Amino acid sequence: MSFETVCKLHDITPGTGICALVNGAQVALFRPRDDEQVFAINNMDPFAQSNVLSRGLIVEHQGQLWVASPLKKQRFNLTSGECLENPTVSVASYPVKVSAGKVAVSA
Amino acid sequence: MSKLKLVVIGNGMVGHRYLEDLVDKADLSQLDVTVFCEEPRVAYDRVHLSSYFSHHTAEELSLVKHGFYEKHGIEVLLGERAININREQKVVYSSTGREINYDKLVMATGSYPWVPPIKGSENKDCFVYRTIEDLKAIEGSAKKSKSGAVVGGGLLGLEAAGALKALGVETHVIEFAPVLMAEQLDQQGGLLLRNKIERMGVQVHTSKNTLEIQAQGEHARNTMQFADESKLEVDFIVFSTGIRPQDKLARQSELTIAPRGGIAINDQCLSSDEDIYAIGECASWNESFFGLVAPGYKMAQVAVDHLLGNNNAFEGADMSAKLKLLGVKVGSIGDANGRTPNCKSFVYQNDEEGVYKRLIVSEDGKKLLGAVLVGDTADYGNLLQLKLNDIDLPEHPDTLILPAHAGAEKPAMGADSLPDSAVICSCFDVTKGKIAAAVADGQTTMAEIKASTNAGTGCGGCLPLIGQVLNAELAKAGVEVNNHLCEHFEYSRQELFHLIRIEGLKSFDQVLTKHGKGYGCEVCKPAVGSIMASCWGDHVLAPQLVSLQDTNDNFLGNMQKDGTYSVIPRMPGGEVTPKALGVLAEVAEEYKLYTKVTGAQRIGLFGAQKDDLPTIWRKLIEAGYETGQAYGKALRMAKTCVGSTWCRFGVQDSVGLGVMLENRYKGIRTPHKMKFGVSGCTRECAEAQGKDLGIIATDAGWNMYVGGNGGMKPRHGDLLAADLDQATLLKYVDRFMMFYIRTADKLQRTSVWLENLEGGVDYLREVIVNDKLGINQQLEADVTKLIENFSCEWTDTINDEVQLKRFAHFINSDQRDNNVVFVDEREQHRPATFSEKNPGAKGDILHVELEA
C-alpha cells in the first residue's frame with residue numbers, strides 16, 4: 001500500500017474538507033477538529049454524480065462523523081463511506097496518514 | 001334523473017358562504033346552480049370595507065377564491081338583478097329578460113341602508129356606507145372637501161368616521177342617542193369611547209336630531225340643522241343610521257314578511273314557501289333580523305343542511321362583537337347594558353390608560369350574562385367562551401378583568417374546560433372538537449391548523465385561544481412540544497440567539513461548549529453561523545466561521561447540480577448602467593458562462609468553476625459591481641416598478657426607495673432569505689404584497705406590508721402601517737428586520753413566522769409601532785451597527801491570500817474537475833447529463849435513463 005503526500009496538515013482549516021488528486025482519483029479529505037485526525041473518502045456524490053463531497057458540512061449523528069453532501073444533504077460516513085439515508089449506496093474510503101505535519105493518502 | 005335546479009339570489013358574504021358550504025357538503029355534479037349578483041363584482045368582505053381606502057383594490061376584499069365558481073360549475077350572473085318570482089311556475093325573471101327555472105330558491109338579498117326622512121338628505125353631498133361603489137363616491141367627494149359628518153354613532157358609523165379621518169377631512173359624528181354605540185355599550189363605556197375618539201380629533205355630537213340639510217353654508221357646502229336649533233356646516237354627509245332587510249322581492253312575491261320587516265323564516269331557514277329559503281340580513285327569525293355576519297353564516301349552513309337532508313337548526317345568535325374603531329378596542333358580550341332583572345355588575349375603570357371593563361353576572365353570581373370592554377379587549381375571548389358555554393364563574397369574577405398588577409392572579413380559563421362543541425372561531429364556525437381532531441391528525445403547528453381548518457383566518461380574534469387549544473391538545477396527546485434546534489442543542493433558535501447575543505459568543509466551539517453537546521450537524525452549524533453573522537456581522541469565511549457555512553455561503557455562490565457556481569452581482573432595485581452591463585457581458589463571454597435574467601430583477605451567470613470565481617469577481621468588482629448575496633440567507637433584493645420618475649401613473653419614486661432599502665439592509669444575515677418589493681402606485685407592478693417586505697406608494701406616503709411570500713405557498717403580506725413618511729418607514733423596517741432576526745425559527749420565512757406569531761400582525765404592530773416590548777431602541781441600534789459594518793464579501797475575499805487558496809479544485813494540482821462537461825443548447829450551454837458524459841455506460845441503479 002503506497003501513500004502519497006498531498007498537502008500539509010495546516011492546509012486544511014479545522015472543521016472543513018479539501019479535495020486532492022491521487023492516482024487519478026478525486027479524494028475528499030476532512031479534518032473535523034483542530035488536531036491530527038484526517039479522513040478520506042471519494043469526492044463524488046453518487047446521487048448527483050458530481051465531485052462535490054469535499055465541500056460538504058462535517059456533521060455528527062449516532063455518535064459518528066459524516067459529511068453532508070452540499071447538493072441534497074445525504075450523509076456519508078467519514079470512516080466507511082456508507083450513506084446514512086440509503087445503506088445500499090456508499091463511496092470509497094481511503095486510509096490516511098498524518099506525520100510531521102504532512103497528510104498522505106493511499107488511493 | 002335530472003339535476004336539481006338551485007337558484008341563489010344575492011352574492012354577498014352570506015350568499016357566498018352558502019355556496020362554499022354547499023361545495024363542501026354536496027356533490028355539485030348533481031346540482032345546477034345559478035347565482036344572481038346584482039353588484040358588478042362577486043362577494044367581498046363588507047366587514048373590512050373601510051380597508052378599501054388603504055388598499056384601493058377591490059380584489060383585496062374579495063371573498064371568492066380565484067376560479068371557485070368556474071371550478072364547481074356554478075353560474076354567476078354578474079350585474080344582473082332578479083326582478084320577479086313566479087312561485088307557481090317556479091321561475092325567476094331577471095333584469096335582462098332572462099327566465100330561470102328553479103326547484104329550490106335561496107334568497108340572500110341582504111339589507112339596505114336606512115336613511116331617516118330628513119329634508120335635503122338626497123342631495124349630491126349625501127352618501128351611505130355599504131358597497132365599494134359607495135366608498136368610491138365618498139372618496140371622490142372627500143378630495144374636494146375639508147369636512148364631513150357621519151350621521152349615526154353606532155358600530156358602522158364609527159367605522160365610517162374612521163374612514164373619513166383617514167381621508168384627511170375634519171370629521172364629525174352625529175348621534176341621536178345620548179351615547180355612542182348604545183346597542184353594544186353601557187353609558188360609562190360609551191362615554192370613555194367618546195373621550196378617546198375626541199382625543200383623536202373626531203368631533204362627537206350626541207343627542208342631536210338632524211332635521212334638515214341645506215345645500216349652502218358660509219364655510220362649507222352644506223349646513224345641518226338640528227332639532228335643538230344648533231347648526232353644523234360640513235362639506236358632505238355620510239348616513240349610517242341602520243339597516244333594513246332587503247325584502248322587496250319577497251313582498252312582491254307575497255312571501256310572509258315579519259312585523260318589523262324581513263322574510264319570516266323557521267328554524268330551518270325556510271320561508272312561508274317550502275321551496276324558498278331566506279338567509280342572512282334579509283331574513284327574520286323569531287321576529288328579529290341580524291345585522292352581523294356570524295348569524296348569517298350560521299343560517300347559510302342550516303339552509304344547506306336542510307337541502308341535503310342533514311339535521312341542523314338556527315337557534316338564534318350571539319350578538320357579541322369585538323372590534324377596533326378609530327384605533328380604540330371595543331368588545332361587547334351578551335347583555336351589555338345589564339337589563340336582566342337583578343343582575344349584578346363588576347366594574348374596572350382606569351382613566352389614565354383609558355380602559356373600562358364591566359362584567360354583568362347573574363343574581364347568584366355563578367354565570368356571566370354580559371360584558372363591556374373598552375380600551376383593552378384582551379379578556380374578550382375568555383369571557384365570550386364563559387358566556388357561550390355557560391361555564392361557572394370563578395369565586396371572584398372580578399379577577400377576570402383586573403390587570404396583572406392588581407395582584408390577583410387571573411383564573412386560567414384553560415382550554416380543557418371548554419366542551420368540544422365550543423365555537424372557537426366564529427368567523428368560520430370552527431369548534432374546539434374540530435381543532436382537536438386536526439391535532440390528532442398530526443397537525444401540530446398554528447400554521448397547519450389555520451391551513452386545514454380555516455380557524456383564525458377571518459378576523460383573527462380567536463388566535464390566542466386556538467393556541468391554547470392546540471397546546472392543551474398536544475399536551476393531552478403526550479406530544480412534547482419540542483422546539484430544540486437539533487440533538488446538539490436543547491434550545492430553540494430564539495433562545496440560542498439571546499444566549500449568543502448576551503454572552504457575546506463569537507465561535508461555534510464556544511457556543512457548543514457552553515450550551516450544547518457533541519460535534520454539531522448540518523442543522524445547528526449553519527443556524528449558529530447565521531446567528532453570529534446577524535449579531536456580529538463578521539465575514540462568513542473567517543477561520544472560526546468557515547466550517548459552519550452551508551453549501552452556498554461556503555464559496556459565496558450558489559452551487560449548481562454539477563458542482564459549478566452561479567455569479568450574481570447586486571443590481572439594487574433592478575438598476576444597471578449600460579456600461580456595467582457591457583462588462584458583465586464581456587466576463588460571461590470570457591469565462592463561457594450561461595447567462596439568464598433571474599426572478600429577482602438581476603442577471604445570473606452560471607457554470608463558473610470554483611477556481612475561476614475569484615478572477616471573475618475581481619473583474620466585476622473593478623467595474624463597480626459588488627456581491628449580490630444571492631447565495632446567502634439574507635436580503636436578496638428589492639424589486640421595484642418604474643415609479644413616478646418615469647411612469648405616468650406612479651405617485652412616488654419606487655426605484656429610489658427600493659435602491660435605498662436594498663443598500664441599507666444588504667448583507668445582513670437573516671433566518672432565511674428575504675425579498676423586498678416597492679411599488680410606485682396602487683397598480684402594484686412590483687408585486688410587493690408577495691414579498692417579505694412590501695412597500696406600496698400612496699398619495700400620502702408609503703403603505704408597509706409584511707410577511708408576503710411567493711414560492712411554494714403564496715401569501716399576501718399583511719398591512720402593518722399606512723401612509724408612512726420615509727423616516728418612519730425606515731424605523732419600522734429596522735425594527736421589523738431585527739425582530740424577525742431575533743425571534744424566527746431556523747430557516748423560517750417571514751410568512752410562516754407571522755402565521756405562527758401569537759396575535760399575528762396585530763401583535764407585530766403593537767411591538768413595532770407601539771413599542772409594546774420596550775425594545776425598539778435596541779432593535780434600531782442593532783441594525784445600525786450591522787449597516788455600518790457592511791462590506792462586500794467578495795471584495796474582502798479576493799484581497800485575502802489565505803482565502804484564495806480555498807478556491808482551487810485540488811489542493812495538490814492545477815487540474816480542473818474533468819467531470820464538469822457542457823453541451824450546447826439554444827446558443828448557450830448546459831451541464832451534460834450522465835448518459836451524455838458516459839455514452840457507453842449502461843447506467844447504475846441511480847442513473848438509468850429509460851428508453852421511451
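Helices (H or I, at least four residues) and strands (E, at least two) are taken as DSSP runs, numbered from the N terminus. The model is predicted: local features need pLDDT of at least 70, side-chain atom pairs count only at pLDDT 80 or more, and totals for chains, interfaces and linings use all residues. Side-chain values use heavy atoms, with hydrogens and water left out.

Chain A has zero helices and 12 strands. Along the sequence, its pattern reads β-β-β-β-β-β-β-β-β-β-β-β. Its radius of gyration is 13 Å, close to the 13 Å that the globule rule gives for 107 residues, so chain A is as compact as a globular protein of that length. The radius is taken over C-alpha atoms, and the rule is 2.2 Å times the number of residues to the power 0.38. Along the principal axes, the C-alpha atoms of chain A fill a box of roughly 35 × 30 × 20 Å.

Of the 107 residues in chain A, 56% are buried (under 20% relative accessible area, with a 1.4 Å probe and protein chains only). Contacts are heavy atoms within 4.5 Å. Among those in chain A between residues at least 6 apart in sequence, 41% join residues at least 24 apart. Chain A exposes about 4300 Å², and carbon and sulfur atoms supply 47% of this area (Shrake-Rupley method, 1.4 Å probe).

Chain B contains 27 helices and 37 strands. Its radius of gyration is 31 Å, close to the 29 Å given by the globule rule for 852 residues, so chain B is as compact as a globular protein of that length. The C-alpha trace of chain B spans about 95 × 70 × 65 Å along its principal axes. Buried residues account for 52% of the 852 residues in chain B. Among contacts in chain B between residues at least 6 apart in sequence, 61% join residues at least 24 apart. The accessible surface of chain B is about 38300 Å², with 49% belonging to carbon and sulfur atoms.

Nonpolar cores are sets of buried Ala, Val, Leu, Ile, Met, Phe, Trp, Tyr and Cys residues joined through side-chain atoms within 4.5 Å. The largest has 65 residues, of which B:F489, B:I500, B:Y665, B:M704 and B:L764 touch the most other members. Helix α21 (residues 726-743) of chain B gives the most to this core, with 10 residues. Leaving aside residues up to four places away in sequence, B:I500 touches B:L505, B:V511, B:V528, B:I531, B:M532, B:C535 and B:W536. A second, separate core of 54 residues includes B:V8, B:Y102, B:A278 and B:F314.

How values were computed: Residues are numbered from 1 along each chain as its sequence is written. Chains are lettered from A and ligands numbered from 1 in the order in which they are written. Buried means under 20% relative accessible area, exposed over 50%, partly exposed in between (1.4 Å probe, protein chains only).
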